[in-house]
Amino acid sequence: MSRFTIPLVLFALLVVVLAIGIKQSPDKDLIPSPLIGKAAPEFSLPNLIDPGQRVSSATLRGHWYLFNVWGTWCGSCRMEHSMLLKIKQSGVIPLVGLDWKDDDGDALSFLKKEGDPYQTIAVDHDGSEAIMWGVYGAPETFLVNPQGIVVYKFIGPITEQAWEQQILPRLPMGQMPAAAARS
Amino acid sequence: MIPELGQFALILAMLLAALQAFFGIVGPALKRERWMAAVTPAVSGQVVMMATAMGCLVASFVANDFSVAYVAENSNSALPLFYRVAAVWGSHSGSLILWIFLLGCWSVAAAVGTQRLPKPFASRVIGVLGLISFGFLLYTLATSNPFLRLDPPWPDGEDLNPILQDPGLAGHPPILYTGYVGLAVAFAFAGAAMLEGRLDRDWARWTRPWTTAAWAFLTCGIALGSWWAYYTLGWGGFWFWDPVENASFMPWLMATALIHSLAVTEKRGLFKSWTLLLAVLAFSLSLVGTFLVRSGVLVSVHSFAASPTRGTFILAFLIVMIGSALALYAWRAPLLKSEAGFELTARESFLLFNNILLVTACATVFAGTMAPLISSALGLGKLSVGPPYFNPTFLLSILPLLALLSVGIHARWKRGNLSDRARPIVLTLIAAAVVGCAVVFGLFTGGRVLSPVGVALGVWIILSSLVDPIDRLRRHITIPRAVLGMTLAHIGLGIFVISITSVEAFTAERDVALAQGQTAQLGAYEFRFEGIRPIQGPNYSGVGGTVIVTRHGSPVAVMYPEKREYWVQHTVTTASSIRMYYTTNILIALGQDLGDGRWSLRLQIRPLVTFIWLAALVMAAGGMLAISDRRYRLARAAAPELSAVVPAITRSEAG
């Protein structure tokens, strides 16, 4: 082997290291939140629709729900809205909204005009609840199981594809009608 | 319509690049004159199509077309027009378009520049460039198409990453990419030489201006990036040994080595295979850098949307491009013969040491950058190395380099006798040592052990670089621009060494908590906090502080550090306030609200820090000055002389 082949050999070694690097690099979509597998934050927040009531994590125990962080100021959330309405229609799982850093009046008139996909909506005026959930941009959606454990987090507007391929497969078969009946 | 047009232009550009590569490489191999003649139209068409694609992407951003996914993800209707245009290269896909467009521009420039060179050689150069364009276009269309549509379109975009909303973004990537991509030309020259199996001193002369131009752009681009990080990230640092920074620094080190080794190859016909290898490695490192940054295998503060699919594709591309170039090298390099020998203390040996030290420096940076990957590949977990590794190891090879520069610059080609040059060497060294110690122990107090060494080395480089030009002036000999450029670049290096030593040794920093009306002292300056007011930008709101800075009671500046919250992404960024005063930078960053009207503030005084970037500009200017030397223009004008070489080349091909 002549000394002129040394660079080629070193490069081959580098390729091996890089290939292993690719194989080991985590698929960032799969672990988007440290909350996954852990208990969702406990909360008790004002109710947007019925100011006399509160939305609390305790009452949500016992069934699956999607915790959706949104705001009328957020363009992608408006885009996601029609998909949320479809999810409500399917009756598979109830949606719990967190109206994030929003004006109550704006939110109510938006829901009146475009339709309300949510079972209940909690209000987070100063964004402190969103911090507990580790939200860094709306919309974000958390799938929470009956034990109050976060099973999955989806970042960005939910698409038809995300709904069918990411969220639905994570729900247990037998649970679906029960959730539908309650919502 | 416009995005579809852009996509169509991209596909056409890819096909034209394929033709450019095919005719450029196969044409000379089969000695088909007309195939070689097709190279120029192909490359012109390719760059026109790339300009169209680029224009379409810009138009989509300007028109706020949020049906285009890339626009929706990186822009917003509230974003000012200037940043909407700069947002084109604010993320992965668009920056690739910019990359390929610039490569097209270099290719056309190379096609024009090599017109007078032997036809088979010129056509091979453009052919290799076409191969690179083709690979990147295929990659873009397959994994990172910026023209993909959204259905339904978003009502508004997600806004550009706030850190990127800065004038620095507009300039930094285009200039840096111009440098990266320019190294492709040197790579193509090397590729063409290896395909021909022939490399002579003319080859080095043709390659030199391209390499120097790419190097100058790379220098400016890195400096601009460092300056941008300095004032937008608000940490007060200018270099973090971050993988992305290293990805640009490693090709720079290689290109610097290449410039020096090309000089030896041109003047003396030596180091041929080594020069060839450097030309291949400089561009290969910018490709590897691209891979590291965009594949997601390394985590960096410069987050590019990364994905393993993209990584796999680039890796395949690396194997094809770099692998075949190195294989070609292993086959062809043994044929190259050095034309002469040289003595131990001749200029050649100093340049050899220069190359060894620069390559060693590059290798240590490479090892540090790759450490997390290598350790995890060996199953040792993620090992990450930072400045505690990079700073000392880098200095270990760079300090001797700086010292050797001041001696070697006096050495002559071929002959080793340095004794008649002993006087300027010793005199400049003594002067530099005196200045170094005076500055460190006289003007400032404190500092570290290395500070007098650093200042003295910087001063020594500047003085040594001036010896030869001043000598020529005194003897009324005209100084060629190449020498003038070299002198300027070395002076830039000297300024750089001095300023970086000064910043490292004499930066004063203090974190304070101040209420309105309170004063803090740092160095010779007093800082009086005048309170907080709300601020309102086009797409952000936040708070701004007012700080009055005085020096011994007399006013210096009123500074306004800010904290901005960008609406769409809800990102808080710190906009530090930086002022230059008596060559000193004063930096104030606004921290947290501590309650009771008190705010935390970070105060910094950094002497000479601005000179770091000015020095880089001086180096780049030196490079540009050197390119304008008559010699390179003569190289093109001397067509008849060169045509005499053609038969020799065809003969070597036949053989």
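In which sense do strand 2 (residues 519-522) and strand 3 (residues 525-536) of chain B pair, and over how many bridges? The legends below concern a predicted model, in which local features need pLDDT of at least 70, side-chain atom pairs count only at pLDDT 80 or more, and totals for chains, interfaces and linings use all residues. Residues are numbered from 1 along each chain as its sequence is written, chains are lettered from A and ligands numbered from 1 in the order in which they are written, and side-chain values use heavy atoms, without hydrogens and water.

View 1. Strands 2 and 3 of chain B pair in the antiparallel sense over 4 bridges; pairing requires at least two bridges found by DSSP. Strands (E, at least two residues) and helices (H or I, at least four) are DSSP runs numbered from the N terminus. B:Ala520 has B:Phe527 of strand 3 as its bridge partner. The hairpin of strands 2 and 3 has 2 residues between the strands, and B:Gly523 takes a positive phi near 60° there. Strand 3 also pairs with strand 4 (residues 540-551) of chain B, in the antiparallel sense over 10 bridges. B:Arg533 has B:Gly544 of strand 4 as its bridge partner, and 3 residues lie between strands 3 and 4 in their hairpin.

**View 2. Two loop residues of chain B with positive phi.** Most residues other than glycine have a negative phi. B:His552, in the loop between strand 4 and strand 5 (554-559) of chain B, has a positive phi near 50°. The relative accessible area of B:His552 is 63%, so this residue is exposed (over 50%; buried is under 20%, partly exposed in between, with a 1.4 Å probe and protein chains only). B:Asn64, in the loop between helix 3 (39-62) and helix 4 (69-74) of chain B, has a positive phi near 55°. B:Asn64 counts as partly exposed because its relative accessibility is 21%.

**View 3. Domains of chain B.** The domain assignment, which is automatic or from a database, gives domain 1 (1-165), domain 2 (399-502) and domain 3 (508-609). The centres of domain 1 and domain 2 of chain B, taken over C-alpha atoms, are separated by 44 Å.

**View 4. Residues lining the second largest cavity.** The lining includes A:Ala40, A:Glu42, A:Arg61, A:Tyr65 and A:Asn145.

Conventions. 1 Å grid on protein atoms, 1.4 Å probe; cavity = no way out; pocket = protein on both sides within 12 Å on 5 of 7 lines; lining within 4 Å.
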